[in-house]
Each structure stands twice: as structure tokens, then as C-alpha cells.
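Welcome, and thanks for taking a look at this protein with us. Please open the sequence and the model side by side, and then read on.

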Amino acid sequence: VDGGATDSFVNNKDLCVKGTIHEMDHTVVVDSPWSDEAFTSTHAGTLAVRSNTVEGGVILLPETPITEGASRTLISVPNLDDKGYYVDHGGGGIRIRKGQSGNTILSLPRLPESGDSLRVVHGKGTQPRKGPIHFGLKRKHKLYPVPDDCFVTDPEELKRLTPSSTECNLA
């Protein structure tokens with residue numbers, strides 16, 4: 001999750017919900033925030049991120065450009081804001097919720113990079129739903145990595161996670 005990025009992109013089509021990948025009407029060029037490279041995207045899909053908290057929920061980002069070859073997937077804070085999600089920063093991490101007073105969907109500490117990968121992030125279900133978050137990190141880093149197991153790719157699983165959501169109509 002990146003507060004400075006203008007849009008989201010996914011670096012591997014296998015992270016998208018199956019059956020949502022399609023060719024876009026026009027090609028999108030995504031400049032890498034980590035290098036001088038640019039990636040061309042001709043396809044998009046729905047990125048679905050399940051909660052790592054006890055409250056549950058799913059973040060849905062339809063029409064996310066697929067940039068095969070980029071080093072990682074990037075979820076943009078402005079993109080989340082455009083879709084009605086609220087992101088609170090502080091205490092060495094972030095909390096993402098749907099709506100101004102919604103339950104916390106993701107609670108992520110700020111962690112260091114380790115080569116081309118990121119440190120494993122364990123669920124933080126014990127973090128408070130409201131008020132300050134404190135992850136107890138001695139050194140603050142730049143990245144808020146989403147654990148791999150939070151990405152939902154199976155449409156049936158997504159329907160189970162969002163039984164009353166109209167956003168879940170992916171077909």
C-alpha cells in the first residue's frame with residue numbers, strides 16, 4: 001500500500017479474481033516507482049484483498065491494470081479513497097476501512113524490504129478498531145506490505161466473504 005502512488009496495479013494476473021481479467025480499451029503505461037522502468041498494461045482484472053483482522057471484510061479494486069514483470073503489486077491510497085475506503089496512518093502502520101466509521105479491514109505495519117521480497121506480515125486482529133494503532137516498531141520503514149494470503153482469487157470464496165455486497169457481482 002503506497003500513499004504516494006496515483007493508481008494501483010497488479011504485477012501478476014494470478015493475483016486477480018479468476019474470470020475478471022479482460023483486455024482494456026486502451027493501453028496503459030505505468031511508470032515504476034522503484035526504477036526508471038515503465039510497464040505497459042493491456043489487460044486489467046479485479047484485485048480483492050481479504051481482511052487480516054477479526055472484523056473481516058474485503059477490499060475490491062476492479063479494473064486494476066496488470067503489469068506483468070513489475071517487481072510487486074501496488075495499491076494506491078488515493079485509489080482506495082476514490083473507492084470509498086478510509087486509510088488512517090500512524091503508530092508505525094495503517095488501518096483501512098470502508099466508510100468513515102466502518103470496521104477495520106486491513107491493519108498493516110510499515111516494514112522493510114528484503115531484496116525483492118517483503119517480510120511476512122502476521123495478522124494484527126488484536127489492534128484497536130478505533131483510536132491509535134501502535135505496532136511497537138523501533139525503526140519505521142517505507143512499505144505497508146499486504147500479506148500474500150490476503151489476496152482472494154477464487155470467485156466462489158469472494159462471494160462467501162461478501163454475501164450481501166453488490167460490488168461482488170464480477171461477471
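## Briefing: cores, fold and selected residues

Leaving out residues up to four places away in sequence, Ile-96 touches Val-1, Ile-59, Leu-80, Tyr-85, Tyr-86, Val-87, Asn-103, Thr-104, Ile-105 and Leu-106, where a contact means heavy atoms within 4.5 Å. Residues are numbered from 1 along each chain as its sequence is written, and side-chain values use heavy atoms, with hydrogens and water left out. This is a predicted model, in which local features need pLDDT of at least 70 and side-chain atom pairs count only at pLDDT 80 or more, while totals for chains, interfaces and linings use all residues.

**Nonpolar cores**

- Ile-96 is also among the residues with the most contacts inside the largest nonpolar core, which has 28 residues; the others named there are Val-1, Ile-59, Leu-80, Leu-106 and Val-146.
- A nonpolar core here is a set of buried Ala, Val, Leu, Ile, Met, Phe, Trp, Tyr and Cys residues joined through side-chain atoms within 4.5 Å; buried means under 20% relative accessible area, exposed over 50%, and partly exposed in between, with a 1.4 Å probe and protein chains only.
- Two or more residues of the largest core come from each of β2 (38-50), β3, α1 (77-82), β4 (85-90), β5 (93-98), β6 (104-109) and β9 (151-152).
- Strand β3 gives the largest share of this core, four residues.
- Apart from it lies another core, of six residues, including Ala-5, Phe-9, Val-30 and Leu-74.
- In soluble globular proteins, nonpolar side chains tend to be buried together.

**Fold and surface**

- The protein has two helices and nine strands; helices (H or I, at least four residues) and strands (E, at least two) are DSSP runs, numbered from the N terminus.
- Along the sequence, the pattern reads β-β-β-α-β-β-β-β-β-β-α.
- Of the contacts in the protein with a separation of 6 or more, 62% join residues 24 or more positions apart.
- Among the 171 residues of the protein, 43% count as buried.
- The accessible surface comes to about 9,400 Å², and 47% of this belongs to carbon and sulfur atoms; the areas come from the Shrake-Rupley method with a 1.4 Å probe, and for residues only the protein chains shown count as cover.

**Residues to look up**

- Glu-157 lies in helix α2 (residues 155-161) and is partly exposed, with a relative accessible area of 23%.
- Beyond its neighbours within four places in sequence, Glu-157 is in contact with Arg-50 and Val-152.
- Glu-157 and Val-17 are 140 residues apart in sequence, yet 9.8 Å apart in space, C-alpha to C-alpha.
- Glu-156 is found in helix α2 as well, and is partly exposed at a relative accessible area of 43%.
- Asp-81, in helix α1, counts as exposed at 51% relative accessibility.
- Glu-63, in strand β3 (residues 58-65), has a positive phi of about 60° although it is not a glycine.
- The charged end of Lys-98 sits over the ring of Tyr-85, 4.4 Å from its centre; the rule asks for NZ of Lys or CZ of Arg within 6 Å of the ring centre and within 35 degrees of the ring normal.

**Confidence**

- The protein averages a pLDDT of 80, and 74% of the residues score at least 70; pLDDT is the predictor's confidence in each residue, from 0 to 100.
- Over residues 121-126 pLDDT stays under 50, and the model has eleven contacts beyond four places in sequence for them.
- Where pLDDT is low, the predicted coordinates should not be read in detail.
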